[in-house]
Amino acid sequence: MAPMSARNPETEAVHRAGFACFVGRPNAGKSTLTNALVGQKVAITSNRPQTTRHTVRGIVHRPDAQLILVDTPGLHKPRTLLGERLNDVVRTTWAEVDVIGFCLPADQKLGPGDKFIVKELAAIKKTPKVAIITKTDLVDSKTLAEQLIAVDQLGKELGFEWQQIVPVSAVGDKQVQLVADLLIPLLPESPPLYPEGDLTDEPEQVMVAELIREAALEGVRDELPHSIAVVVEEMIPRENRPADRPLLDIHANVYIERPSQKGIIIGPKGSRLKEVGMKSRKHIEALLGTPVFLDLHVKVAKDWQRDPKQLRKLGF
C-alpha cells in the first residue's frame with residue numbers, strides 16, 4: 001500500500017451513507033416513491049390518507065453510496081392519541097436524519113397543511129431540504145411549472161432555499177433515480193451502514209402485518225381505515241414437510257374498534273376476509289420467498305386509537 005503522503009485524494013472513491021426522510025401531507029406519494037427507489041415493496045401504499053404508521057426504512061444500494069429512506073406517517077392535525085403519537089414519530093425522525101425530502105403532489109395546490117409542514121421544516125436549520133414534486137404523470141407541463149414556482153416561493157417566504165426542487169413520477173418511473181442522485185451528495189462520508197442485499201430493517205412480522213392491513217384497506221368505507229390494526233401472533237414453519245415443499249403458518253388478528261365494523265371486514269359469508277387473505281398472501285409469499293398458509297381472525301379492540309393500553313398492545 002502506498003504511504004499516506006503518496007496517495008492522491010482525488011483518485012480515492014468517496015463512499016457516502018446516511019438517512020433521508022420523506023415528509024409531507026398524508027397521501028403525498030411518499031410510500032410509492034420509497035418503493036420505487038428501493039425497487040421492491042417495503043412500505044404499504046393506499047389511496048386512503050394516513051396509512052403509514054411505522055417509519056419504514058428502505059435501503060438503496062449503490063457502489064459509491066447507501067441511501068437509507070425513512071418513510072414517516074403524514075404530519076396531520078391529530079384527533080386521537082394515535083394521531084398525536086404518529087406526529088411525535090415524524091418530528092423525532094426529522095431531528096435525526098441527514099437530509100429531508102418534502103413531498104408535494106403535482107395535482108394538488110399548496111394548501112395550509114403543506115405550509116404548516118414547510119414552516120416546521122424551516123425551523124430545522126442545519127438539515128438540507130429537497131422539494132420533491134410527486135405524481136407528475138397526473139398533470140400537464142403548465143400546472144407542473146406553476147407548482148415548481150409555488151414551492152420555490154414558499155421556501156423563500158420562510159427564509160430558506162431548497163437544495164434542489166425535483167419533479168418525479170414514481171408510477172411512471174420518471175426521474176426516480178434522479179431523486180437518489182440528488183439526495184446522495186447530501187449524505188455524510190461513511191462506510192455502508194447495512195449489509196449488501198438488505199432492503200429494509202423492518203422485522204418480517206411487522207412487514208407481514210402491514211401487507212395484511214394494506215389488503216384490508218382496499219375498498220373499505222371512509223371511517224374504517226384508521227380503525228384497522230393488524231398483529232401477527234406467530235409465524236412458524238409447518239412441521240414434517242418435505243424439504244422441497246416448505247410451508248409457513250402465519251396466524252394474524254385484524255383489530256377494529258367497534259362490533260359494527262366486523263361485518264364490513266368479514267363481508268357476506270366471509271367473502272371479503274377471504275379476499276384480504278388471498279391478496280395479502282400473494283405479497284407475503286413474494287416478500288418471504290416461501291409458500292404461506294395464512295390464518296386471519298377479526299377481533300374488536302374497543303376504541304383502541306384512544307386507549308394507551310390498547311395502543312401499546314398493538315405496537316404503537
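Which strands does helix 6 lie across, and at about what angle does it run to strand 7? I looked: helix 6 lies across strand 7, strand 8 and strand 9, running at about 125 degrees to strand 7. Angles here run from 0 to 180 degrees between N-to-C directions, with axes as lines fitted to C-alpha atoms, for helices over the stretch in contact. Helices (H or I, at least four residues) and strands (E, at least two) are DSSP runs numbered from the N terminus.

Ground rules for myself. This is a predicted model, where local features need pLDDT of at least 70 and side-chain atom pairs count only at pLDDT 80 or more, while totals for chains, interfaces and linings use all residues. Residues are numbered from 1 along each chain as its sequence is written, and side-chain values use heavy atoms, with hydrogens and water left out.

I find an open sheet of 3 strands in the order 7-8-9, with mixed pairing (two strands pair if DSSP finds at least two bridges between them). Strand 7 and strand 9 are at the edges with a single partner strand each, so one side of each has no neighbour in the sheet. The twist averages 15 degrees from one strand to the next. Strand 8 and strand 9 pair in the parallel sense over 9 bridges; I noted that Tyr 255 has Lys 299 in strand 9 as its bridge partner. Helix 8 also packs on this sheet, touching strand 7, strand 8 and strand 9, and its direction makes about 135 degrees with that of strand 9.

Then the cores. A nonpolar core is a set of buried Ala, Val, Leu, Ile, Met, Phe, Trp, Tyr and Cys residues joined through side-chain atoms within 4.5 Å; buried means under 20% relative accessible area (1.4 Å probe, protein chains only). The largest one has 25 residues, and Val 208 and Ile 250 are among those with the most contacts inside it. Helix 6 gives the largest share, 7 residues. I checked Val 208: leaving aside neighbours within four places in sequence, its contacts (heavy atoms within 4.5 Å) include Val 232, Ile 250 and Ile 284. A second, separate core of 23 residues includes Ala 28, Cys 103, Ile 184 and Leu 187.

Last, two other spots. In helix 5 (residues 176–183), I get Val 176, Val 179, Ala 180, Leu 182 and Leu 183 as buried. Down the axis of helix 5 they fall within an arc of 165 degrees (taken from the directions from the helix axis to the C-beta atoms), so they line one face. Strand 5 and strand 6 run parallel, joined by 4 bridges.

Note on methods
Buried < 20%, exposed > 50% of the residue type's maximum accessible area, 1.4 Å probe, protein only.
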